[in-house]
There are 2 protein chains.
Amino acid sequence: MRETDGRSYSSRPVLTINLSAVIENYKFLAAKVAPAKIGASVKADAYGLGIIQIGKALYGAGCRTFFVAHAGEGKILRGAIGNQPNIYVLSGPTPQDSALFFGSTLKPVINSLTQARDWIKTIDGVKRPPRTALHFDTGLNRLGIPSSEIEIFVKEDGLMDALNVDLVMSHLACSSLQDHPLNKQQLDLFKRTAAQMPMVNLSLANTGGIYLGKPYHFKLVRPGIGLFGGTTTDTPNLEKTRPVIELHAPVLQIKNVNKGETFGYNALYTAASHMKIAIVSAGYADGLPISLSGTDNAVISHARLGKENAPIIGRISMDYTILDITNLKKYVERGEKAVFFGANLDTQAKQAQTINYEILTHLGQRCKRVYIRDGKE
Amino acid sequence: MRETDGRSYSSRPVLTINLSAVIENYKFLAAKVAPAKIGASVKADAYGLGIIQIGKALYGAGCRTFFVAHAGEGKILRGAIGNQPNIYVLSGPTPQDSALFFGSTLKPVINSLTQARDWIKTIDGVKRPPRTALHFDTGLNRLGIPSSEIEIFVKEDGLMDALNVDLVMSHLACSSLQDHPLNKQQLDLFKRTAAQMPMVNLSLANTGGIYLGKPYHFKLVRPGIGLFGGTTTDTPNLEKTRPVIELHAPVLQIKNVNKGETFGYNALYTAASHMKIAIVSAGYADGLPISLSGTDNAVISHARLGKENAPIIGRISMDYTILDITNLKKYVERGEKAVFFGANLDTQAKQAQTINYEILTHLGQRCKRVYIRDGKE
């Protein structure tokens, strides 16, 4: 069997991250929501894609407001994008994180009356403490000020002044489900709440919320997945953003296998006839969900080899995945790139019974990350 | 509602990795297989736990042979454990990785005749090239020399001499399934193959293979998950290794919720009566599989709060998880630690419809990693 090739390749898988596509997605969403502005959600290391590189690219494209989950993430981002942009920390302050807020001028998102009072104590005597956002829970029942506390924020003397609020926000629970009644309920409650607040900027929409239309945009929208090439709504062809990532891994070995032989751990897939397979150098440690494994009951997904699809067979293992190349027209050689995700990201997330967000955040640190801009590495 | 507390905490989740437990597990397995030796599988950053810290701990405990998947992983490990130990690279050499093998004295695992011939070309003229392992595929149908090529390895003049083999190995497909017939078939084929090879060390067993008994141990066993506290076999109470990791995240907020309200994205869980919930600062970006989410159809899993279990309700989100604390005896305060995995790792992996290996390799980089030794950080 001819199996050598002249090309040079490493066994290490490669994750390509197209910064030009991120910027295009930013511009597309910015145009869609104008005059509202974009506050980019770059928490969890920009959904696993690298907060420094993504932060710089978005800043370069004009983004001036960012959201992270933890103060530590904010500190890293601040180092990358300089002192001008707003960085809000969604978890709000905790006793141990206060110093990070001052040191990196991070704006805490206040999620409860207790957090508000703690913050006011924390900034006592601090010169020019960061301004804050108030986050009202309008139906997600996750972090956020509950309705029962609104009146205190409105009425208590000096509380709002001390907090020096510059943004009032809430977060949608069902923006991916365009017709869910909770969307309108949250919008209405948010408006009623905001009407009692000082005249500051308002923000409600995540990526899904952008597609719910103008009434949801207010002054600032907070997309994450839409910037990173994933779709989130249940409406086909609604979202016109571009894919950002691809996972590439080389074929390490090609094999001929006899009828009746089994593949991979626990022998979950059996050759129904003679087969030709390719062993690819990426597994679940690199971010391929084990739930994409192909068994005798069902082949779930595939990798792309050139322009063809090669089914994933057997259990995906930590470092390797087995592809069925029996019926490919292409002659597959060692070193050939197998491609996962990319334009197929959302489909493969569904096949894996998860969401594209989880796929992105589980992309392995072992992958060599290659950032592409204007078609170049 | 009393919700403050005096303790200091960060919103950042913490992953504790108990190196003393890793060492105990190593010693337990070493005693079990003696006089066979342990070759530790530390690929994929030691299953996500940190190849440098794990490598050093195992080396300190006496481990002198290690397996990684890629040459790049071998280079990092070599820097941590010095020049003496054997480091085998399971993927074998590729054109671009050759320099790493020489630079860090990594031993390639040869998986095919083509790879063997390429390696021989690569080492032409190299003074004292690393010795190699031969990996025969005895039924996993993943990487490894197929049966059809054995005769060439046995008969071709000079081939074995040029490779300077010091280990002959294979890998079990079904060692987690103690009674699977493939185990014995692979053992028999491995013995027949090895009988034709020069007198070098033999290795077949992964963690599951260790528990298949002495005939599977040969000179070297290659446990991974067993060192890291996960069980792998289908037989309860067979594996006596200790848990190694725990994921801790603080409660950021406590809320009272009315009957009929819903929780989290897509409103997948509904309060059947008044409830008290805790919002915890860890989500799927930190390694909690979204498949542990609790819906109206089924609550799947829980976190531990002190000695009690708090059900996970609603969809786990990227950064946060909602716990039902309505029925807890304990008075839960902000800053309280919610604990995931630990002694519960294998159960939670099953609840998430995956395996403990995938849980470990998806533990988020955002978690602060705290290494514990002799009870101290």
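How many helices and strands does chain A have? Chain A has 12 helices and 18 strands, where helices (H or I, at least four residues) and strands (E, at least two) are DSSP runs, numbered from the N terminus. The model is predicted, so to speak of local features takes a pLDDT of at least 70, side-chain atom pairs count only at pLDDT 80 or more, and totals for chains, interfaces and linings use all residues. Residues are numbered from 1 along each chain as its sequence is written, while chains are lettered from A and ligands numbered from 1 in the order in which they are written.

Start with chain A as a whole. Its C-alpha atoms fill a box of roughly 80 × 40 × 35 Å along the principal axes. Of the 377 residues in chain A, 57% are buried; a residue is buried if 20 or more other C-beta atoms lie within 10 Å of its own, exposed if 12 or fewer, and partly exposed in between, with C-beta atoms placed from the backbone. Among contacts in chain A with a separation of 6 or more, 65% join residues 24 or more positions apart (two residues are in contact if their C-beta atoms, placed from the backbone, lie within 7 Å).

Now zoom in on Asp234(A), found in the loop between strand 9 (220-221) and strand 10 (245-257) of chain A. Asp234(A) counts as partly exposed because it has 14 C-beta neighbours inside 10 Å. Setting aside neighbours within four places in sequence, Asp234(A) touches Ser176(A), Leu177(A) and Gln178(A) by the contact rule. Gln178(A) sits 56 residues from Asp234(A) in sequence, yet their C-alpha atoms are 6.9 Å apart in space.

Over in chain B, helix 9 (residues 181-194) has 14 residues and should span 20 Å at 1.5 Å a residue, which agrees with the 20 Å between its end C-alpha atoms; the expected span is 1.5 Å times one less than the number of residues. Buried residues of this helix are Asn183(B), Gln186(B), Leu187(B), Phe190(B), Thr193(B) and Ala194(B). The face turned away carries the exposed Pro181(B), Asp188(B) and Arg192(B). Cover for the buried residues includes helix 7 (147-155), strand 7 (165-169) and strand 8 (201-203) of chain B.

Finally, a rotation of 180 degrees with 0.0 Å of shift along its axis superposes chain A on chain B (RMSD 0.0 Å), by least squares on the C-alpha atoms of residues with pLDDT of at least 70 in both. That is how a two-fold axis relates two copies.
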